[in-house]
Amino acid sequence: GTFFVEAFVILLREGLEAILVIGGIIAYLIKTGNKDKLRSVYIGSVVAIVLSFVAAFVLNFVKAANVENGAKQEVIEGITALLAVAVLFYVSNWMLSKSESEVWSKYINDKVEGSVSKGSMFALGFTAFLAVFREGAEVILFYQPMLSESKGNVFPIFLGVLVAIVILVIVFVAIRYFSIKLPLKPFFMATSILMAVMAIAFLGSGIKELIEGDAINLFSGKIPIISDLVAKIPENDVLDT
């Protein structure tokens with residue numbers, strides 16, 4: 001249900017953003033007669049995907065290392081959820097600002113033009129790397145609150161990831177080999193609304209984890225304003241469980 005939709009939308013949104021950047025770079029290189037530089041783009045993208053998995057492993061290792069100290073683990077999960085909220089809002093606003101085709105094309109051209117004119121294969125590969133790794137890091141960040149809330153029931157999340165990957169592969173082939181253009185504005189407006197709803201859910205999850213980890217009480221004892229706010233929070237069965 002909910003976990004499937006969240007996992008699907010997040011990976012589809014972030015994956016499509018990466019595909020649009022990489023697809024735009026590839027199209028620009030082919031159009032300007034620089035097809036020989038495509039190898040750098042593919043290498044940069046693959047390295048970014050591998051390092052995204054490494055980053056996910058490291059984050060899970062840090063959480064597992066604190067599994068005996070429940071309060072510390074909950075604080076880590078709470079901070080991760082709140083950070084995901086901030087990134088969700090930033091990403092949604094950034095993509096909406098680039099949703100017009102002309103603005104998107106200019107963004108891609110500006111990104112690639114300098115690297116091509118300098119003849120720098122590394123700069124081109126690094127541009128592709130950053131585009132993919134940024135999305136990978138965001139996906140890792142967004143999935144952490146979901147994995148915490150799922151309580152081990154990861155099948156809906158796995159299914160959402162699988163369906164999103166299949167669609168992303170189809171989209172990449174359509175853009176790369178059939179030059180199909182996607183309606184950017186409607187898609188990013190729709191997913192921005194869904195991600196705003198997710199941000200609210202992550203916000204609640206983050207606050208819950210911080211309360212369970214006693215982080216809010218720790219800060220409230222030192223900062224009077226936070227202490228006053230905490231005192232006004234009503235008793236709630238959801239937050240107490």
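Guide: Helices (H or I, at least four residues) and strands (E, at least two) are DSSP runs, numbered from the N terminus. Read in that way, the elements of the protein chain follow the order α-α-α-α-α-α-α-α-α-α from the N terminus on, a total of 10 helices and 0 strands. This is a predicted model, in which local features need pLDDT of at least 70 and side-chain atom pairs count only at pLDDT 80 or more, while totals for chains, interfaces and linings use all residues. Residues are numbered from 1 along each chain as its sequence is written, and side-chain values use heavy atoms, with hydrogens and water left out.

The contact of α1 with α6 is made by 23 nonpolar, 2 polar and 1 charged residues; here Ala, Val, Leu, Ile, Met, Phe, Trp, Tyr, Cys and Pro count as nonpolar, Asp, Glu, Lys and Arg as charged, and the others, Gly among them, as polar.

Phe8, in helix α1, gives a view of this side. With 18% relative accessibility, Phe8 counts as buried, a word that means under 20% relative accessible area, whereas exposed means over 50% and partly exposed in between (1.4 Å probe, protein chains only). Not counting residues up to four places away in sequence, Phe8 touches Gly160, Val163, Ala164 and Ile167, where contact means heavy atoms within 4.5 Å. Phe8 and Phe158 are 150 residues apart along the chain, yet their C-alpha atoms are separated by 9.0 Å.

Helix α1 also packs with α5, at an angle of about 180 degrees and with the axes 10 Å apart. The two helices are therefore roughly antiparallel to each other. The residues of this contact divide into 17 nonpolar, 2 polar and 7 charged.

The next topic is the interior. A nonpolar core is a set of buried Ala, Val, Leu, Ile, Met, Phe, Trp, Tyr and Cys residues joined through side-chain atoms within 4.5 Å. The largest such core has 27 residues, of which Ile10, Leu11, Phe142, Tyr143, Met146 and Phe202 touch the most other members. At least two residues come from each of α1, α3 (70-97), α5 (121-150), α6 and α7 (184-212), and α1 gives the most, with 9 residues. Another core, of 16 residues, lies apart from it and includes Ala18, Ile26, Leu29 and Ala128.

For the protein chain as a whole, buried residues make up 43% of the 241 residues.

Note on methods: Axes fitted to C-alpha atoms, helices over the stretch in contact; angles between N-to-C directions. Parallel < 35°, antiparallel > 145°, perpendicular 65-115°, else oblique.
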